[in-house]
2 protein chains.
Amino acid sequence: MTEIPKNLTVGPSVGEAGEHRLIALIRSLVPPAPPWVSVGIGDDAAVVEPERNKLEVLTTDVIVEGVHFDRAFCDPEAIGFKALAVNLSDLAAMGAAPRVALLSLGLPAAWPVADLERLLRALLALATRHKLVLVGGNITRSPGPLFVDLTVTGTCKRRRILTRAGGRAGDALYVTGALGAAAAGLAWLKLHGPAAPPEGPVRDAVERFLRPEPRLRFGVIAGRTQAASACMDLSDGLADAVRQLAGASGLGATLEAGALPIHPGATEILGEPSQILGAALSGGEDYELLLAVPRRRLRRFLAVHRLTKLPVTRIGVLTAEPDLVLQHENRQEPLPAGFEHFGEGPVPRA
Amino acid sequence: MTEIPKNLTVGPSVGEAGEHRLIALIRSLVPPAPPWVSVGIGDDAAVVEPERNKLEVLTTDVIVEGVHFDRAFCDPEAIGFKALAVNLSDLAAMGAAPRVALLSLGLPAAWPVADLERLLRALLALATRHKLVLVGGNITRSPGPLFVDLTVTGTCKRRRILTRAGGRAGDALYVTGALGAAAAGLAWLKLHGPAAPPEGPVRDAVERFLRPEPRLRFGVIAGRTQAASACMDLSDGLADAVRQLAGASGLGATLEAGALPIHPGATEILGEPSQILGAALSGGEDYELLLAVPRRRLRRFLAVHRLTKLPVTRIGVLTAEPDLVLQHENRQEPLPAGFEHFGEGPVPRA
C-alpha cells in the first residue's frame, strides 16, 4: 500500500489538493489487488483476467447531490456507502457475484479532502465485504453538485442469470425485507436534519435510506439454485418493479395491498395509511428484491430465505392478463406509478 | 429496433419526458446487439460473454459542462462524440480493441429531448465505427451541469498490453499527430463563439478540440506488434504524459523543445511562441499517443505509422537519470506541469 500523502487529510479542499494528489490518496486507501488484476489504479485503463466459464455482468449507477442525497443530512460515509450499494443491488438482482469496480467522482472544488477520505473509506469497506476490487476510475471537478458514479462488474454461470423477463403466468411474486423504509427515513431526515433518530424502527428506517444493504447473498443463491424465474431490485419502488418485471415477461400482475410487508418505521414516521401505502409502493430506494417464484421452485426459494435469514413475503402473482392490479380487501385499482428521479417524485413529505 | 416514441423528439424537455421514455428513446437508437450480448439495455444490468483467451481492459471518464465543455460553443453532437472519444483514447493507449460501453447521463431537467437525441446519435455513430456496443447505462436528473460519464471495456491478448510502466532507459519517445491543437481550438472558440472557423489549420484545430479522433488503430496495432515498450494518451497534455510514463517506468526523460510537432492551427491562433509551446506541452486534451520505442523496435514502429498513415514524431528519450528536462537549442529547463482539470489550468486565453 502506498502511504497516505502527508498533510492531505486535514485542511485542504479537493481543489487545492489537485487531481494527482487525490489519485494518490485513493491508491493509498485501496487494499492490494488480487493476482488476477494485471493493471490496477494508475494507468490509462485497468486490466483484468476474465473469470473462466462465466458470464460477465455490468452495471452503472450514479448518485447526485440534490437528487439522491443531501449533504445536510447524509454524511460522507453514507454517500460512499450508498453510491456502491445501489450498484451492488443491481448485481444482486441478476444473481451475479461482484468482481471489479470503477469509480468516477465529480467533486466541488471547495469540498474538504478529509470528507473525500471518509467517503472512500466507507465505499471501500463495503467493497471489501463483498469481495469487490476497485481497479480504476476518474476524478474531476464539478461546478455544481457532488456526484459519485460507479460501474461494477460481476460474474455468473450460464443459465444462472436472473433477468426480468423469465416470469411465467401463475408465478408467485415475493419481496425481500420490508417496504417504505427508505421513503419514510428520508421524510424523517427532511424534518429533523442530521440529528440521531430514536433507537428502534425509526432509526432502522433512516439507516435503510442512508445505508441500504444490498441483497447480494440472497440474489446470488437464488440465481445459483434457480429458485426464481425472474428478479429485479426496487430502486424505483415496488410498483415500478412489478410493472417492469411483468412487462419484460409479457405478463400482468395482481398485488395484494394487505400483504405488503410495511416497514414498522414507515408506519411510525408517516402515520397516515395512504401515505404509508404510497411509500411502500412508490417511495423508491428500498433496494429490496422482487422475485417471481414458480410453484415447483417454492421449496428451494424458501431454503434461500432460511439460509440468508432474510424475510420474504408473498405479495401477489403474475397473470396472463396484461393488467397491473392492486387488490384491496373489497376493491381493485390500477397499480400506481413508481418513483421518478426526474420529477419531484412521490416521496412523501412529513 | 424499438420505434422512437412518438412526439418525443421535438418539443419537450428531458424532465417532461421522464426516465422511462428517455430509456425507450435510447433503446430505439441503439443498433441490434451481437449474439455475445446475452442481456442488453433494459434489465438491472447487462450480461455479456467474455472473449476467450483475452485480457479485459476497463476505463471510465466523464465530461462535465463548465469543466470540459461549454454548451455555448459545443453542440450536442460534439458533446456526445467527445464523451466517448476520451474513453476510446484510454483503450488506444493500452492497445485494447473496444468491446462494450455503459453510459451514465446527468441531465438538466430543462434540456431539450431533441438535443439528447443529437448527442446520442453522434455517440452511437462513433461507437459503431469502432465496433463498440452500448449495453447499458443510467439516466438521472442533474440539478447543475450536464455530465456524460462512460465506462468502456476492451480486450487485448496477454503480453500485448501497452502500459505506462514498460519503458527502458534509451527508448525513444514518439508522439502521434500534432500538439497544441485542442488548447488553441478552445481559445478560438472562447473568442469567437460557435461561429464556423475559417477553413484550414484553424478549423482543424477547433475540430481537434470538439471531436478528437481517438488513435485506436494505432494503439491496437502498436500493441499487437509489440512496437512500443510503453504508451499513454495525452489527455492532460504532453508534459503530464511524459512525467507519468517516465515515473511509472522508474525513469526520467529529456524532451527536445524544437522537435515538438506543433499543430499549424496552434501557431495561427496563438501567435506568441511561448503560448504555442505552452499549449503543446500543457494545453491538454490533444488525445494523441505518447509511445516509448526501443531501438530494436523502431522498424516495426515505423511500419505501424505507414499502415495507419498517422504522423509520428521523435520528441525525446527516456533516461536512467530521474530528471524531467526540456532541452532548448542552447539551454535546459525542468519540464513544466500538465493540465489540471481541478484548477483553471494553463489553457491559454486568446
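## Largest pocket

The largest pocket of this predicted model holds about 1,000 Å³ of space. Its lining is made up of 50 residues. Those nearest the centre of the largest pocket are E19(A), I23(A), G42(A), D43(A) and R164(B).

Both chains contribute secondary structure to this lining. From chain A, α2 (19–29), β4 (97–107) and β5 (133–141) each provide at least two residues, as do β3 (55–64), β8 (230–233) and α8 (238–248) from chain B. With seven residues, β5(A) gives the most to the lining of the largest pocket. By class, this lining comprises 22 nonpolar, 16 polar and twelve charged residues.

## Second largest pocket

The volume of the second largest pocket is about 770 Å³. It is lined by 43 residues, and R164(A), E19(B), I23(B), D43(B) and G137(B) are the closest to its centre.

Here chain A supplies at least two lining residues from each of β3 (55–64), α3 (76–94), β8 (230–233) and α8 (238–248). In chain B, α2 (19–29), β4 (97–107) and β5 (133–141) each do likewise. The largest share of the lining of the second largest pocket comes from β5(B), which gives seven residues. Sorted by class, the residues lining the second largest pocket are 18 nonpolar, 14 polar and eleven charged.

## Elements at the two sites

Key
Residues are numbered from 1 along each chain as its sequence is written. Chains are lettered from A and ligands numbered from 1 in the order in which they are written. This is a predicted model: local features need pLDDT of at least 70, side-chain atom pairs count only at pLDDT 80 or more; totals for chains, interfaces and linings use all residues. Side-chain values use heavy atoms; hydrogens and water are left out. On a 1 Å grid over the protein atoms alone, a cavity is a set of points where a 1.4 Å probe fits but cannot get out, and a pocket is an open set with protein on both sides within 12 Å along at least five of seven lines; lining residues have an atom within 4 Å of a point. Grid points are joined across faces, edges and corners, and a volume is the space filled by probe spheres set on the points. Helices (H or I, at least four residues) and strands (E, at least two) are DSSP runs, numbered from the N terminus. Ala, Val, Leu, Ile, Met, Phe, Trp, Tyr, Cys and Pro count as nonpolar, Asp, Glu, Lys and Arg as charged, and the others, Gly among them, as polar.
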